[in-house]
Structures are given as structure tokens and as C-alpha cells.
Amino acid sequence: MQLIILGSGSPLPDAHRAGPSTLVRCAAGDLLFDCGRGVLMRAAAAGSAAGALRALFLTHLHSDHTTDLNDIITMRWAMSFQPTPLTVFGPVGAASLVEATEAMLETDIGYRLAHHDDLTWQPGTQVTEVEHGVVFEESGVRVTAAPTDHAPVHPTVGFRIEEGSQTVVIAGDTVPCAGLDELSDGADVLVHTVVRRDIIEQIGLPRLTDVLDYHSSVEDAARTAARNHVGTLLLTHLVPAPSPGSEEEWTALAAAQFDGKVVLAADLLTVEVGS
Ligand SMILES: [Zn+2]
Ligand SMILES: [Zn+2]
């Protein structure tokens, strides 16, 4: 199983970090987790594409995690030679987000249908709203969802992907919680969104300090990793984006709480799971 961070950024636009998005390559195909800003540019760099996705999994419906859903729907459809519905798993509310996105695209869909004689079908999606339990099983790959805690944003879910003895967990945005502990138990890699509490408190802007109450700090994520005997903690969705040269500060904060391997995400960072 291979894990590729497509976007390691956050809601804040950044010249070097696309929005939150992680690709898991496994026997079932390319599984995409969240689809933030620039996801298809990074997917192209990783040798994937909208049409190559076996399924899209959404951790929650915050815009930074779903911004480019419209791009995925459009490109998967416009480049297809037969109907290839996009399979989507997400929390309750995902179906209405997808429906509204398709409605937003209606004008463009009309233009393309009118222009391309051989394109005679609408974009298709198959949405399954998930809460807790196994949501996907194919080719020896199993994906399990569990509720996370990103209140007042609700509902939110994390995902555990298992292939043979290899396990990856996508935490999404959450504070430490029982659902995340359940998913993370003994995982090879925990991909965890984090914020730097110390820097944000120092900046002191209310719009920024607001995010502290529904995100894990680097230390919180490290304690979750330690409590659940995770192999590698991969910190992503970095708020604020690390200034050049400060990367070791981030990993040191985590290492003080967790004995395993700590990795700071960058776009297109690739991890061979279990090796
Ligand atoms: Zn969020
Ligand atoms: Zn987020």
C-alpha cells in the first residue's frame, strides 16, 4: 500500500501546499481522501487523475476538504468514454453536497453535452453516507469509518484502510476522541491534521484562535499516536504553514509525546506503508 499526500495545506492559500487531500494506492485502486484546493494538479503529478479514482472518501464537509469536488466530477465525466459514476463515501450531508455541486455545474454540463456529439451522458455519482463500521471492501482492502469530534462541525468521520497486515488511518479534522482511538489502534501510519497551538496563541487573532477548539494541536496528535501504538505519525493540514527551517520544531513537539516516527507532510510526500 502506498500513501501520497496530495495536499498538505489548510484553508489558507499557500504557494507550496495544496488543500487537504491524501491518495492511498492499494489493490482496490486509487482511493482519495478529501479533495481540497488543487487536488487534481497534484494527482496529475502523482500519476493519477479523476478518471482513475476507485472512490472518494470525505472526512467532513468543510470547504477546505471539498473545494475541488466540482473539478473531480467535471473532469471524470468530460474525459470519459462511457458512463463512469464517481463513488463517494462521506458523512451525512455528503449526498446533498454532491447534488448541489452537480446543480452548480449544470450550465457547463449543458455546454459540453451540446458541443461533443459522443458525450451523451450526464456526470454520475453514487454517494453512500457513512457513520460507523466497514464502508468499503474490495480486492482484500477494507475501509472502516468511525465518528470523530470536530464540533460544532457535525457529523465528521475518520477512516481506517487495511490491506493485509498494513493499516493507514486518515483522521481528518478532529480533537482527540474515542472514535479516532478506535481507528488508530496499532496503525502503521496515522495521517493527522494539526495546528500549532503555541504559534496561534502568540498571534492572538480571534479568527485564528477560534480554530484551536476543534483541531488537534501537534502535541494532541502525538498523544493520540502514542496511546494507540501507531508506527508513524504523519502531520498534515499544517496551520500555520511552517516557515522554511522551522520543520524540526514541529516534529520535536510531537517527538516529546510520541516515541514512534514523526513525519511532517509536504505535497507529494510518498510513504510505502509497511516497509
Ligand atoms: Zn474542518
Ligand atoms: Zn480542515
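In which helix does alanine 43 lie? Alanine 43 lies in helix α1, residues 39–45. This is a predicted model, in which local features need pLDDT of at least 70, side-chain atom pairs count only at pLDDT 80 or more, and totals for chains, interfaces and linings use all residues. Residues are numbered from 1 along each chain as its sequence is written, while chains are lettered from A and ligands numbered from 1 in the order in which they are written.

View 1. Helices (H or I, at least four residues) and strands (E, at least two) are DSSP runs, numbered from the N terminus. Alanine 43 counts as buried because 27 other C-beta atoms lie within 10 Å; the cut-off for buried is 20 or more, for exposed 12 or fewer, with partly exposed in between, and C-beta atoms are placed from the backbone. Leaving aside residues up to four places away in sequence, alanine 43 touches Leu6, Leu23, Ser48 and Ala49 (contact: C-beta atoms, placed from the backbone, within 7 Å). Threonine 22 is 21 residues from alanine 43 in sequence and 9.5 Å away in space, C-alpha to C-alpha.

**View 2. The open sheet of seven strands.** The strand order is β7-β8-β9-β10-β11-β12-β13, with mixed pairing (two strands pair if DSSP finds at least two bridges between them). Strands β7 (133–138) and β13 (261–264) are the edges, each pairing on one side only.

**View 3. Strands β8 and β9.** Residues 141–147 (β8) and 157–163 (β9) pair in the antiparallel sense over seven bridges. Proline 147 stands opposite valine 157 of β9.

Definitions and conventions:
Two residues are in contact if their C-beta atoms, placed from the backbone, lie within 7 Å.
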